[in-house]
Amino acid sequence: MSTGRDPGLQPERTRLAWRRTLLTLTVVTALAVRLASTGDPTGALIAGVTVLLWGALLALGWPRSTGTGPARTGGRTLPLVASGTVVLALLGVLLVLRGLG
């Protein structure tokens, strides 16, 4: 009987989940920049914040998505990425509402 832990495919599933998250954030950021390219200064400001937030989330998530990051980060990474994702969603809603108005 082995006492070692057999992670199975869990590390691969975790990497793939982080990659999907980062890809989704990249697409949302590209759409925000596209929507803000109408010349509206407020839209440009929101797009700028979106790009900065995307860069921060990319820096946090990249090590996890490539498998080069630590397995445990003390539980800080996931809440930061979740908070950033919510902020990006709200900024996207603001851009859409400004485009419809």
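At roughly what angle do the axes of helix α1 and helix α2 cross, and within how many Å do they come? In this predicted model, the two axes cross at roughly 165° and come within 9 Å. Helix α1 covers residues 10-36, and helix α2 covers residues 41-66. The crossing angle makes α1 roughly antiparallel to α2, because angles over 145 degrees count as such. The crossing of α1 past α2 is left-handed. Nonpolar residues number 13 in this contact. Seven polar and three charged residues are there too.

**The core**

Which residues form the largest nonpolar core? Six do: Trp 18, Leu 22, Leu 25, Leu 57, Val 81 and Leu 88. Two or more of them come from each of α1 and α3, the latter spanning 77-100. Helix α1 gives the largest share, three residues.

**Two residues and their contacts**

Trp 18 belongs to that core. Thr 50 sits in helix α2. Is Thr 50 buried or exposed? Thr 50 is buried, because its relative accessible area is 1%, and buried means under 20%.

The table lists the contacts of both residues, leaving out residues up to four places away in sequence.

| Residue | Contacts |
|---|---|
| Trp 18 | Gly 61, Arg 64, Ser 65, Thr 77 and Val 81 |
| Thr 50 | Thr 29, Ala 32, Leu 88 and Leu 91 |

Val 81, a member of the core, is among the residues that Trp 18 touches. Leu 88, also in the core, is one of the contacts of Thr 50.

Notes: Residues numbered from 1 in each chain as written. Predicted model: local features only at pLDDT ≥ 70, side-chain atom pairs only at ≥ 80, totals over all residues. Heavy atoms only, no water. Axes fitted to C-alpha atoms, helices over the stretch in contact; angles between N-to-C directions. Helix = DSSP H or I, 4+ residues; strand = E, 2+ residues; numbered from the N terminus. Parallel < 35°, antiparallel > 145°, perpendicular 65-115°, else oblique. Left-handed = near helix turned anticlockwise from the far one by under 90°. Nonpolar A, V, L, I, M, F, W, Y, C, P; charged D, E, K, R; others polar. Core = buried A, V, L, I, M, F, W, Y, C linked by side-chain atoms within 4.5 Å. Buried < 20%, exposed > 50% of the residue type's maximum accessible area, 1.4 Å probe, protein only. Contact = heavy atoms within 4.5 Å.
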